[in-house]
Amino acid sequence: MNKKEIKEHYEEFGFVIVKNLIDFEKIQKYKKYFIENQDSEIWKSPPEVVEKIPLLKYRWEVFKDDKTIRKFLNNKKLLQVAKTVLEYRKPKLHLSIIPWSSYGQDWHTDGNDENEKLFNVELHPKASFTGRVGAWIALDKITLESGPFTYIPKSHKIDYKKDDLFLSLKEKYEKTLIENNFVVFENGVLKNQIKTEPPDAFAVDLLSVKYAEFINHIYVPELLKNGFKQEAFLPECGDVLFWGPRLIHKAVRSQEGVLRPSIIGHYYRPIKIKYPKIMV
Ligand SMILES: O=C(O)CCC(=O)C(=O)O
Ligand SMILES: [Fe+2]
């Protein structure tokens, strides 16, 4: 695939798959490193980072700064695709997800202002980046049993401010929240607005549960009945899927005893304001 094809596919569908991108030897070397160190503390976020970004306490797999991981994810071929889709010369790595089993994170986007504002929760401090792309790298063949990355092509194009399905379901859902005294809205706005960065962990926790419930149990099931289709990424070793922050995606849970050899890197295009290197 040339750069133009990569960019066009990414823009049209919200993701692009590049087959056989990463060399076998590089993968073998990284796999060996992972296997040798999988029980080590090096995979965990250091306390000083968790303190700065309370949300990280829920993401034990977010890794700080290990040379081997950094080197693997800063592979030229990965960066080249990140550069192409972000249209930026120097994308920066800001997150890695390294475990070989999927805990089954349900449907979500990685950053979508309109959507997150639903409950006035800003999970992604906006000031720190203007573009973001995730790379899902298969270190072996991935099957349905391994718990594949699963996504809804073209969902990145949904305009939540105008989308009738989203707006009507959201209105109904908000009503039930109010009726159940879960939240109080004043003039259509949540009374307890969260403006701090990083946001107050308790509030985010509480509200994002509702946000996740809405997306997973109400919105996405309806979306899938209304013309959108889900697809699973079932790659061979060395294949990489790149996706944009607005694409709706999830991780299918790995079946008991089945591994999902993979590594995920997230890259971003920074702007002036520097936020801590690692974030969710
Ligand atoms: O583990 C997965 O397959 C999904 C990961 C994910 O949602 C992400 O990295 O943003
Ligand atoms: Fe995600």
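Guide: Glu12 sits in helix α1, which covers residues 3–13. The model is a predicted one. Glu12 counts as partly exposed because it has 13 C-beta neighbours inside 10 Å, and a residue is called exposed at 12 or fewer and buried at 20 or more. In sequence, Glu12 is 144 residues from His156, yet their C-alpha atoms are 8.9 Å apart in space.

Next comes helix α5, residues 76–86, where the buried residues are Leu78, Val81, Ala82, Thr84, Val85 and Leu86.

The strands can be taken in turn. β7, β4 and β9 form an open sheet of three strands in the order β7-β4-β9, and the pairing is antiparallel. Its edge strands are β7 (231–232) and β9 (249–251), each pairing on one side only. Strand β4, residues 149–151, is joined to β7 by two bridges, and these two strands run antiparallel. Within that pairing, Tyr151 is opposite Glu231 of β7.

Ligand 1 remains. The residues surrounding ligand 1 are Ile97, Ser102, Gln105, Asp110, Gly134, Phe149, His249, Ala251 and Ile264. Sorted by class, this shell has four nonpolar residues, four polar residues and one charged residue. Two of the strands contribute to the shell: Phe149 is among the residues around ligand 1 and β4 spans 149–151, while His249 and Ala251 also surround ligand 1 and β9 spans 249–251.

Technical notes:
Residues numbered from 1 in each chain as written. Chains lettered and ligands numbered in written order. Predicted model: local features only at pLDDT ≥ 70, side-chain atom pairs only at ≥ 80, totals over all residues. Near = placed C-beta within 6 Å. Nonpolar A, V, L, I, M, F, W, Y, C, P; charged D, E, K, R; others polar. Helix = DSSP H or I, 4+ residues; strand = E, 2+ residues; numbered from the N terminus. Pairing = 2+ DSSP bridges.
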